[in-house]
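I am opening these notes to record what I looked up in one model, entry by entry.

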Amino acid sequence: NYAAANTFLDALAHHRHTHGQPATSLAWGLWDGGGMGERLTATDLTRLRRSGIVPMPPEEALRMLDTALGSTEPLLYPARLDLNALRTLAAGGTGPEPLLGLVRGGPARRSASAGTGARPGGAVPLADRLAATPAEGREELVLGLVREHVAAVLGHGSPDRIDAERGLLDLGFDSLTAVEFRNRLGAVTGLRLPTTVVFDHPTPAALARHLLGELAVAAAPAGPAGPADPLEAIGRLEELLRQHSAGADARDAAEAAEITQRLQSVLQDWHGLTASLGGPAADDLGSATDDELFEALDKELGLS
């Protein structure tokens, strides 16, 4: 409701402006010691600072108001920004797009090697690190990456504080941190991750196993005869699942849950592909806007 109301005010200011009538809408940044900032936790403030948004003293904000009133622009963004933080985000391929254009070099662009998890600044791509790691150590490598980014978005100083088997929601995720986390993992792995990844794989360990499987699929070369027939592959998968379920018992409940999550993730990705090709509409959040995503996540979290 708050975002919708402010969007309406922005549109009203533009409407009046085009008709020669006075109007200025101010999309305020974060005030220090007042307004919505009073409701923010220490974790919220840390996340905002990471995104380049810094609290501004009321005196500074009021000077910006005086400046804005002398402007002929219908919409202005009075805020204090940390340009060094924005440059760091731009170098990593993440961050709020409208702000990344303010730093030198403009918005970050994904390189042609983004699908391999390539990192700027000479860092070793994740795919290469996995290839150089023995098979038995790859899950630990990916789990370390997941824990690192969980700690970062939650404001912890060390990933050692992140229990690999504890639920991500129990660790303190909300809709905003879930979005930032998804974006961070997508940037470092080069994978297109669903917006529901925190719910589909609810612990760091489960998420690491999922990412490792997705990275293996992305890195697998096509056979000499070209890609397999999807329908034929689905048929083989159905038969494999039938054989597995026939010999399963209660001890396999965790593995069955993981298989179910993987299948749901694959189906969600397929819905997104068919929708982009003009296929039947699906309840796919993979291409949702941030506002749509926040609403869906808040519903999942019981916050709305």
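This is a predicted model: local features need pLDDT of at least 70, side-chain atom pairs count only at pLDDT 80 or more; totals for chains, interfaces and linings use all residues.

Residues are numbered from 1 along each chain as its sequence is written, and side-chain values use heavy atoms, with hydrogens and water left out.

**Entry: salt bridges**

I took a salt bridge to be a side-chain nitrogen of Lys or Arg within 4 Å of a carboxyl oxygen of Asp or Glu, and by this rule I have three of them. The side chains of Arg184 and Glu180 form one, at 3.3 Å from N to O, and both residues are buried (under 20% relative accessible area, with exposed meaning over 50% and partly exposed in between, for a 1.4 Å probe and protein chains only). For Glu180 I noted a relative accessibility of 18%.

Glu180 also meets the side chain of Arg50 in a salt bridge, at 3.0 Å from N to O. Arg50 lies in helix H2 (residues 42-50) and Glu180 in helix H9, so this pair ties together parts that are 130 residues apart in sequence.

Because Arg80 lies in strand E4 (residues 80-81) and Glu60 in helix H3 (residues 58-69), the pair ties together parts that are 20 residues apart in sequence. Arg80 is partly exposed at 34% relative accessible area, whereas Glu60 is buried at 17%.

**Entry: helix H7 against helix H9**

Next I looked at how helix H7 (residues 135-154) meets helix H9 (residues 175-189): their axes come within 10 Å and cross at roughly 140 degrees, on a scale that runs from 0 to 180 degrees between N-to-C directions, with axes fitted to C-alpha atoms over the stretch in contact. The crossing is right-handed. With contact meaning heavy atoms within 4.5 Å, the H7 side includes Leu145, Val146 and His149, and the H9 side includes Phe181 as well as Glu180 and Arg184. By class, I recorded eight nonpolar, two polar and two charged residues in this contact.

Leu141 is also in helix H7, and, leaving out residues up to four places away in sequence, Leu141 touches Arg129, Leu130 and Thr133. The C-alpha atoms of Leu141 and Leu130 are separated by 7.7 Å, at 11 residues apart along the chain.

**Entry: the chain and its confidence**

I listed 14 helices and four strands, taken as DSSP runs of at least four residues (H or I) and at least two (E) respectively. Of the 304 residues, 33% are buried. Among contacts between residues at least 6 apart in sequence, 65% join residues at least 24 apart.

The mean pLDDT (the predictor's confidence in each residue, from 0 to 100) is 78 for the chain, and 75% of the residues reach 70 or more.

Notes: A crossing is left-handed if the near helix is turned anticlockwise from the far one by less than a right angle, and right-handed if clockwise. Ala, Val, Leu, Ile, Met, Phe, Trp, Tyr, Cys and Pro count as nonpolar, Asp, Glu, Lys and Arg as charged, and the others, Gly among them, as polar.
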